[in-house]
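Welcome to my notebook. I opened this structure to look up a few things, and here is what I wrote down.

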Amino acid sequence: MESIYYVMSWLCHRECPHCYDERFRPYHGEELERVLSEATGNSPRIIANLPARMTYLDRNDPDGRGGFKEKAGRIILAGGEVLLKQVREKVLFPALAQLAEKYRAQGGVKLIIQTTGDQLSSSVIEELLKLGVWMISVSGIDAYHQGLETELSRDTVQSRLKAMLEAAGMKHFQEGRDSWSSSIESGPWYSFWGATPGSWIGKLWPRGRAMENELSTAGMTDNFCNAWSGGLNFLQAGYSGSEVSIDPKGNVYPCCLKTRKPLGSLLSASLGEILQSVAGNPIYQAISSGHPERMGLEHGWTEEKFLEMSATRLPSGRIYRNLCIGCDRFHEKVLSEGKASVVSITGQN
């Protein structure tokens, strides 16, 4: 795979109004112990069932011999907030060591930490670099995060983090200037991004608290499926563009947003087995091709019906439309009710 997005834990210190999943929040008492226990117990089993070799052939970079250059893929470790003390010590640090060992002699892997940046310190950065982290991606630089409502506050935080990261020998990675296909040796990098106007996630995914708070501005022409992290090319394992998402339970999804039904579970099967089980299924071929409106053609869902089902009523009573809603409805009404014949290695939500 070129990329695996692995949400290690639901635990977060924030409860942001724009979050795509209401499970990302603070936990306390027995709930906290449950969430930590889930992440701690599942992580080694999940990693064991990741591909034996985390590389891909870059179709944008011919090797001069009729093929394509092989490059190290990346695994993005995220939350929640993966740098919270309980998560980083019990889950993240052991996972980084396991991943480094798994891929050291298998072409390598780019290990990326996604964080709000709130928990970064010089000592944490030093520990992450010792464990082989290739990039620290600070994803909370936007007005939705408490304390960052103004441009001045965002600039101040970004400047402070930049000084800390560069003092550790890290370089600033900027989309458009730098390449994701850069070699492992070209790091370590850091990056800043957030749900800002004009960014790829700026319109917000129509899910979770973003929907409850009616914050998503994505309409029917905004096809999240036909973009990176949205399902596009997820079945093209071994080639550039391939990516899947994994949740703390080991469930595998074709997109970071997460379809209503997972493809399978890494607690009971390898990622290769899971992808192979759905490879020839028209439902998942439609998602991988970036055309979710075609996923139900063999089950009586014409494109017109899919578009009709891509509408929902928001808490205010306003009607909202987006293709992700149609995908949710198809999974709920056809897949979850067992009306479609889908050969997959099933996980649990």
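Is phenylalanine 173 buried or exposed? I found phenylalanine 173 at 3% relative accessibility, so it counts as buried (buried is under 20% relative accessible area, exposed over 50%, partly exposed in between, with a 1.4 Å probe and protein chains only).

A note on the source: this is a predicted model, where local features need pLDDT of at least 70, side-chain atom pairs count only at pLDDT 80 or more, and totals for chains, interfaces and linings use all residues. Residues are numbered from 1 along each chain as its sequence is written, and side-chain values use heavy atoms, leaving out hydrogens and water.

Next, I looked up aromatic pairs and found nine in the whole structure (rings of Phe, Tyr and Trp, the last by its six-membered ring, pair if their centres lie within 6.5 Å; planes under 30 degrees apart are stacked, over 60 edge-to-face, the rest tilted). Phenylalanine 173 and tryptophan 189 have ring centres 5.3 Å apart and planes at 90 degrees, so I logged the pair as edge-to-face. Tryptophan 189 is buried too, with a relative accessible area of 7%.

I then checked tryptophan 193 and tryptophan 200: their ring centres are 6.0 Å apart and their planes at 35 degrees, so this pair is tilted. Tryptophan 193 is partly exposed at 26% relative accessibility, and tryptophan 200 is partly exposed at 48%.

Last, I searched for disulfides (pairs of cysteine sulfur atoms within 2.5 Å) and found zero. For cysteine 19, the nearest cysteine sulfur is that of cysteine 16, 6.7 Å away. Cysteine 19 itself is buried, at 14% relative accessibility.
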